[in-house]
Amino acid sequence: PQAPLLLNVLLNDGAHPLQILKIFENRIRKLILIKDCAEKLKNGNKRINLRTISFNGFKQNILPQIIEHDKQTQKAIEEKDLAFTSGKTKKKAGDTSELLLAPNPQNPYPVFQLFQKSENFSYGELKQALIYLSDMEYRLKSSMFDSKSAFESFIMGICRK
């Protein structure tokens, strides 16, 4: 119920539709990364039910696995950067926090909330959301159309459950 109101606030404050689109895209991509990681999370041999886990249970059992996942992701990024630069030039490291699931592990509650929210969507739904946003980006860049209506349609579609 709040999403259309927040959309109106953003548009009325002068946010460009492409900026809003990127916000949606980044959130959908983050949810896909989370779903991928959540498939691997275990408590012993059992897959963890993120819908029912308490915050303390998440912090004690899941967050250490997420932090380890992020360390491996960061290491892979650094190795890739090193391989592509061949050690010849010192390249300024880009912001990789968007690829990390817990960029600030000292504040785990937002991470907990995102992991729980990811359970509301299937991979297929998230994939369709990205396709819709990609089509919308093309339309925004190539023609004039009512972006507010398109965003509202997207919000209603993704939140219809």
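Reader: Why is Lys 22 called partly exposed?

Author: Lys 22 has a relative accessibility of 35%. Buried means under 20% relative accessible area, exposed means over 50%, and partly exposed is what lies in between, with a 1.4 Å probe and protein chains only. The value for Lys 22 therefore counts as partly exposed. The model is a predicted one, in which local features need pLDDT of at least 70 and side-chain atom pairs count only at pLDDT 80 or more, whereas totals for chains, interfaces and linings use all residues. Residues are numbered from 1 along each chain as its sequence is written, and side-chain values use heavy atoms, with hydrogens and water left out.

Reader: What makes the contact of Glu 25 and Lys 22 a salt bridge?

Author: A salt bridge is a side-chain nitrogen of Lys or Arg within 4 Å of a carboxyl oxygen of Asp or Glu. The side chains of Glu 25 and Lys 22 meet at 2.8 Å, N to O, and form a salt bridge. Glu 25, with a relative accessible area of 3%, is buried.

Reader: Why are Glu 25 and Lys 22 said to be separated by about one helical turn?

Author: The two residues are three residues apart in helix α2, so about one helical turn separates Glu 25 and Lys 22. Helices here are DSSP runs of H or I with at least four residues, and strands are runs of E with at least two, numbered from the N terminus.

Reader: Which side chain meets Glu 137 in a salt bridge, and are the two partners buried or exposed?

Author: Glu 137 meets Lys 141 at 2.8 Å, N to O. Glu 137 counts as buried at 15% relative accessibility, while Lys 141 is exposed with a relative accessible area of 59%. Salt bridges that share partners join Lys 22, Glu 25, Arg 29, Glu 137 and Lys 141 into one network.

Reader: How many aromatic pairs does a search of the whole structure find, and why is that of Phe 24 and Phe 154 called edge-to-face?

Author: The search finds eight aromatic pairs. Rings of Phe, Tyr and Trp (its six-membered ring) pair if their centres lie within 6.5 Å; planes under 30 degrees apart count as stacked, over 60 as edge-to-face and the rest as tilted. The ring centres of Phe 24 and Phe 154 are 5.1 Å apart and the planes stand at 70 degrees, so the pair is edge-to-face. Phe 24 belongs to helix α2 and Phe 154 to helix α6, so the pair ties together parts that are 130 residues apart in sequence.

Reader: What makes the pair of Tyr 132 and Phe 154 stacked?

Author: The centres of these two rings, of Tyr 132 and Phe 154, are 5.7 Å apart and their planes are at 20 degrees, so the pair is stacked. Tyr 132 lies in helix α5 (residues 123-142) and Phe 154 in helix α6, 22 residues apart, and the pair links distant parts of the chain. Phe 154 counts as buried at 5% relative accessibility, whereas Tyr 132, at 26%, counts as partly exposed.

Reader: How do you know that Ala 102 is buried, and which residues does Ala 102 touch?

Author: At 5% relative accessibility, Ala 102 counts as buried. Ala 102 is in the loop between α3 (55-85) and α4. Not counting residues up to four places away in sequence, Ala 102 touches Leu 63, Ile 66, Asp 70 and Val 111, where contact means heavy atoms within 4.5 Å.
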